[in-house]
Amino acid sequence: MSAQEPIPFFEALYRDTYPQTLLTVTRGCSDPAEIPDLLQDIYADVYADILLYGPGHIRDPAAYVRAIARRKLGAWYGLRARLQSFVLLRSENEDGDGYDLPALASVPAAGDTAELHLLAQQVGERLKGYPAQVRKIFLCRFVLDMPLGEIARALGLNENTVKTKLYRTLQELRGHCQKEGADL
Amino acid sequence: MTKQEFWTRVFAAEGLDEAAVRADAMQRGAALAAARQTEKKRPMPARRPLAALVAAAAVCLFAVGAGAAGGLFKTPAETAAFITHDDLSAFEDEEEYPTLVKIYSAPDVITVNEVQADAGYTVTLLAVANEPAADEAGAAHTHMLYTVARSDGTPLTEAEWGHEIDCEVVIQGCGTAAPYRQSMTTYREQDGVIYADLRVCDLYPFADRELYLIVRQAWGFAGRFGYHAGDDGRITAVADYENLNLLFTLPIGAEHADAASATRAEEGWHYEPTAEEQALLAQVLAQAKARDELNAAVAAQAAGQPLPEPDSAQDTVANNPATLASLKEDMGAWANYTRAGLRAAGETLFTKVCALTLLPGQPAPCYWYESRYGSRIFGLKELDGAPWAVVGAGMEGGAVTEVTILSANADGTVTVEILALPPLEP
């Protein structure tokens, strides 16, 4: 199958650009709950372009997807929302407590996969109640596997703030899960 | 299950599933492509050796340096052929030309060749052309051919261009968030100069208004600081704006104006809500009615007081289910105010009633408005079943100075208000 055929070309492009696009959207969104819709919107546009104009239209897939992502973020949010987001991020000045990161980032306790799936769902539901910024930190740390310093730079936060929010929220989530009889 | 797999599943609870997003994007992308296709599918022409083009360019009487923006090609059609990787000498008949070349070969192409430079970039608007509808069901489009280069001759790569430069059209009086912003750009770099075609909706029916191509160095709202829209909808570039903010007026003759078509186009941007959306609206409105009565009482109490005290009514920003927690945090003491309290305390800077609109490229009908801060598109879900929500807060020195409120109206519209708030005493 030729690499220039639309579907394999798109799938390869999607695979290669997804982490960076997810980060771009995470940084730019007001609410992480909107990330799936934004991602879908971005890649629908990319796929439509590929179908209409062929893979040869895209010389630099990463730059191309990034440009569309920025345009889509522009369409989704007004200046007000973006300013709000920036102000919020820059207004943080909280000192964090030191902690042992590897312990915090440990893999959930081994157990039945179905139980872990259920636990993941419960944690996801619980996490929805946290501020957008906290969810962004979690997404960057655990889905994009970014180091704390990188998260701090990406989200415009103090590294200690990232640590603190991550630590406290993990503690709260862990406490909640223990009440439910699970270990996070 | 690895740590990353576990947390990926956690976020799947919010719908963030890489495979599902890809599948949905492909499904929607295919539908988008079908919708955009107003004629038979345009395959990307096979890449051809550049030698013939370069040789043609070498003898071109109008060839100029890359830093100047005229480009290497004699006619708009030749530039278009370069962009689409086509060698015109390979075609026996103009009828066989690829679509883009044919568009710029038409006798009514408007050759512009206007050069403007700003912030280290030189941009030339080469031509404007009309792409007629392929058939009765299709839609006409307007194309603009332009080049972008760095003024100091430093090569501009496709990636840099994609990151830094954004072009779009504005129709006088239609705002800059209207559906016609939907565009398609095809481009190609040669010798550090970007040659590009911008395809937008049919601008010709609007030719009795001012039509603009704006070229800016930032995406979305940030770029809008470079322009000012007057009360009559005319756009001007802000003179002391530090980044690129060029403004071309498109010279499409007023004789092309077609008021009926223009009205139809504008009407086409509106959309009747579906039964499901109407049901959601009804639910929102029922709550709105009850809460409006409460707000009216609060407003009556607050009337005449320059700075009403935070009220204890339940319908405060802090208790509003549709306002993001982070916004509530930012609102500080203002979060203890109701909508009526905020209105009484603040000064209205902007207000607009928005109707549900079908915007190309948007997954569902949505609302949009254009304020002095730029455009914003939003859906009913932003109200999340509540009759109103605070959706933005401007801050200065750590204090909230402005707030944006969305309120559902009985007729299915949504009112946007931007209020300036005075400093609150500690």
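Author: Two residues are in contact if their C-beta atoms, placed from the backbone, lie within 7 Å. With that in hand, let's look at this predicted model.

Reader: Which residues is Ala322(B) in contact with, leaving aside its neighbours within four places in sequence?

Author: By that cut-off, the partners of Ala322(B) are Glu382(B), Leu383(B), Asp384(B), Ala386(B) and Ala389(B). Take Glu382(B): along the sequence 60 residues separate it from Ala322(B), yet in space the two are 6.8 Å apart, C-alpha to C-alpha.

Reader: Where in chain B does Ala322(B) lie?

Author: You will find Ala322(B) in the loop between helix H9 (275-302) and helix H10 (325-331) of chain B.

Reader: Why is Ala322(B) called partly exposed?

Author: Around Ala322(B) there are 17 other C-beta atoms within 10 Å. Buried takes 20 or more and exposed takes 12 or fewer, so with its 17 Ala322(B) counts as partly exposed.

Reader: Happy with that. Over in chain B's sheet, what makes S1(B) and S5(B) edge strands?

Author: Strand S1 (110-118) and strand S5 (184-190) of chain B each pair on one side only, and that makes them the edges. They belong to an open sheet of 5 strands, in the order S1-S2-S3-S6-S5, with antiparallel pairing. On average, neighbouring strands there are turned by 20 degrees against each other, direction ignored.

Reader: How do you know that S5(B) and S6(B) pair?

Author: Pairing requires at least two bridges. Between S5(B) and strand S6 (residues 193-201) of chain B there are 7 bridges, in the antiparallel sense, so the two strands count as paired. For a spot to look at, Arg188(B) stands opposite Tyr195(B) of S6(B).

Reader: Now chain A. What is its pattern along the sequence?

Author: Chain A reads α-α-α-α-α-α-α-α-α, with 9 helices and 0 strands. Of its 184 residues, 46% count as buried.

Reader: How do the axes of H1(A) and H2(A) cross?

Author: The axes of helix H1 (residues 6-28) and helix H2 (residues 35-53) of chain A come within 10 Å and cross at roughly 145 degrees. Their crossing is right-handed. Among the residues making the contact are Phe9(A), Phe10(A) and Tyr14(A) of H1(A), and Leu38(A), Leu39(A) and Tyr43(A) of H2(A).

Reader: What kinds of residues make up the contact of H1(A) with H2(A)?

Author: That contact has 14 nonpolar residues, 2 polar and no charged. Thr counts as polar, since Thr is absent from both the nonpolar and the charged groups; Thr21(A) and Thr26(A) of H1(A) take part in the contact.

Methods
Residues numbered from 1 in each chain as written. Chains lettered and ligands numbered in written order. Predicted model: local features only at pLDDT ≥ 70, side-chain atom pairs only at ≥ 80, totals over all residues. Axes fitted to C-alpha atoms, helices over the stretch in contact; angles between N-to-C directions. Helix = DSSP H or I, 4+ residues; strand = E, 2+ residues; numbered from the N terminus. Left-handed = near helix turned anticlockwise from the far one by under 90°.
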